[in-house]
Amino acid sequence: MDELSKKKSGSPFLRQCFVTAAVCTNIIAHGCVIGFSAILIPSLRLPESHIHATTSQESWIASIIGFALINGNFVITPLMDTVGRKKSHLLTIPPVLVGWFLTLLVNDVAGLIAARYLQGVAMGMLGPLGSIIIGEMTDPRNRGAFLTGVSLSLTIGVLFCHSLGVYFSWQQSALTCSFITFISCLLIIYTPESPSWLISKGRIEEAREVFIWLRGDDDQQMDELEKMIAAQATARKASVMDQGLPIRKKISYFFRYVRNTLKKPEFYKPIIIMVVLYMMFQFAGINIISSYATDIIRQVVGPDANANLIMVALDIERLICNILAVFLMKTMKRRTLLFFTGGICVLSYIGKGGYVYAKQNNLLSYDGQWIPLLLIGIYMFSLTVGISSIPFALSGEIFPLEYRGLGSGISVLSLSLNFFIALKCFPVLTSSIGLPLTYFLYAGVVTLCLATVWFMLPETKDRTLQEIEDEFRGLSPNDRKSVEPLNGRTEMLRRVSSHIMY
């Protein structure tokens, strides 16, 4: 009897693993896109290369993804709420594949930039979507660990691509990376639609079936399902109450709805938090070191350093730290992990900048290659354990269902815009003001972001999405209990952000 019970409880977990694997395999493919510039740009500098790029063109090859991400964000925001999570996920596949094949066929820099632009659009589409899919389809007890798989998958993709670049040409590497996208496409085809999205569209029985398949049918899970159905039923009822009104009245109510929505803490607080976290994530430099790895290593460690070997070693450290992050997300509070690693990141930035400045001005009484390697290693630890995992975990947790697509789409614009700014400005700043001052500047941005988030971010560990939503609304557990009806749980009401309130 006990063995049967254990088997039944384990089955939903494996199904959640499968859904997460479909998202993470696609993200691995996108990690390859990010890491590809680190092997492409040095190859273009070789005399035998049939394509040559200027310094400005090299920065565009690396940073165009950030600009394209913005376009992908705009595309996915309406799609994920209209056609669903699964179909939107499938739509991220073609741009990546076309980008890889275009990379192999073009003969100039413009073609390479166009290919990476297409891939950046797909990355912009998956940015908010991936975390939402995992957040909606996994158990709150394991959600943090599953969401950490987002940053872990990016790490695996970057490591895989960088490792290919050590042994193969950039053309062979591009062809190999394209196969990962094929695998992710097959996995996505066999995943179900999100029960949260099905509920929002009124497909209750289908949602119930998928939810039980994913999460099981014990009392705790069914209670969460019924709360979601009741809350969304109230919102849907509110949204159809004015269907018989004249068009002018509907337009008036729509603008009033938008105006009042912008004032609601459950709408604007999560967006502000994620905008700041995404800014911190990019200026902390995880994508900078992925894209300019060999150049940074030669500037910090020295021109005689084996940059390719150190690059792969750092990727391996990043992978190990990401695996550690999965465990820490399961055991530590989100806020504790974020501010601990954020402080280490700022200190390591200052340490690297101070070391390079002292070395350039002959102020070091002792110098050894282990010193910069240790500083870079500590820096990479801070990035991968907390700073790169927390934002992606929170993005799947803190947005209310009613605004999940819109809120994620708006906030992820910060991720895309700062991706572009951080990557485009880094070589410009290092050449104009030097690497030490660039590091100090980026450390200041990270510090400012941490200070802002300190006052706004609630703890989300082990809490249901509905509980997190209630906190942003200002609704305490006692308030929630007081509005539950005495005759059952399925008719429970909640405050809603919709027309019925006006």
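Leaving aside neighbours within four places in sequence, Gln16 is in contact with Met137, Thr138, Asp139, Phe146, Leu214 and Arg215 (contact means heavy atoms within 4.5 Å). The model is predicted: local features need pLDDT of at least 70, side-chain atom pairs count only at pLDDT 80 or more, and totals for chains, interfaces and linings use all residues. Residues are numbered from 1 along each chain as its sequence is written, and side-chain values use heavy atoms, with hydrogens and water left out.

Gln16 lies in helix α1, residues 2-44 (helices are DSSP runs of H or I, at least four residues, numbered from the N terminus). Gln16 counts as buried, at 3% relative accessibility (buried means under 20% relative accessible area, exposed over 50%, partly exposed in between, with a 1.4 Å probe and protein chains only). A polar atom of the Gln16 side chain lies 3.0 Å from the backbone oxygen of Leu214.

Rolling a probe the size of a water molecule over the atoms shows where empty space is left. A cavity is a set of points, on a 1 Å grid over the protein atoms alone, where a 1.4 Å probe fits but cannot get out. Grid points are joined across faces, edges and corners, and a volume is the space filled by probe spheres set on the points. The count comes to eight cavities of 30 Å³ or more. The largest cavity holds about 240 Å³ of space. Its lining has 21 residues (lining residues have an atom within 4 Å of a point). Met123, Gly127, Leu154, Phe392 and Leu415 lie nearest the centre of the largest cavity. Elements giving two or more residues to this lining are α1, α2 (55-82), α5 (109-137), α6 (140-167), α12 (265-284) and α19 (404-432). Helix α5 gives the largest share, six residues. By class, the lining has twelve nonpolar, nine polar and no charged residues (Ala, Val, Leu, Ile, Met, Phe, Trp, Tyr, Cys and Pro count as nonpolar, Asp, Glu, Lys and Arg as charged, and the others, Gly among them, as polar).

The structure holds 13 aromatic pairs (rings of Phe, Tyr and Trp, the last by its six-membered ring, pair if their centres lie within 6.5 Å; planes under 30 degrees apart count as stacked, over 60 as edge-to-face and the rest as tilted). The rings of Phe67 and Phe420 have centres 6.0 Å apart and planes at 55°, so this pair is tilted. Phe67 lies in helix α2 and Phe420 in helix α19, so the pair ties together parts 353 residues apart in sequence. Phe67 is partly exposed, at 40% relative accessible area, whereas Phe420 counts as buried at 17%. Ring pairs also link Phe283, Tyr292, Tyr349, Tyr379, Phe426, Tyr439 and Tyr442 into a cluster.

Notes. A polar contact is a pair of N or O atoms within 3.5 Å; within protein, one must be able to donate a hydrogen and the other to accept it, and residues adjacent in sequence count only if both atoms are side-chain atoms. On a 1 Å grid over the protein atoms alone, a cavity is a set of points where a 1.4 Å probe fits but cannot get out, and a pocket is an open set with protein on both sides within 12 Å along at least five of seven lines; lining residues have an atom within 4 Å of a point.
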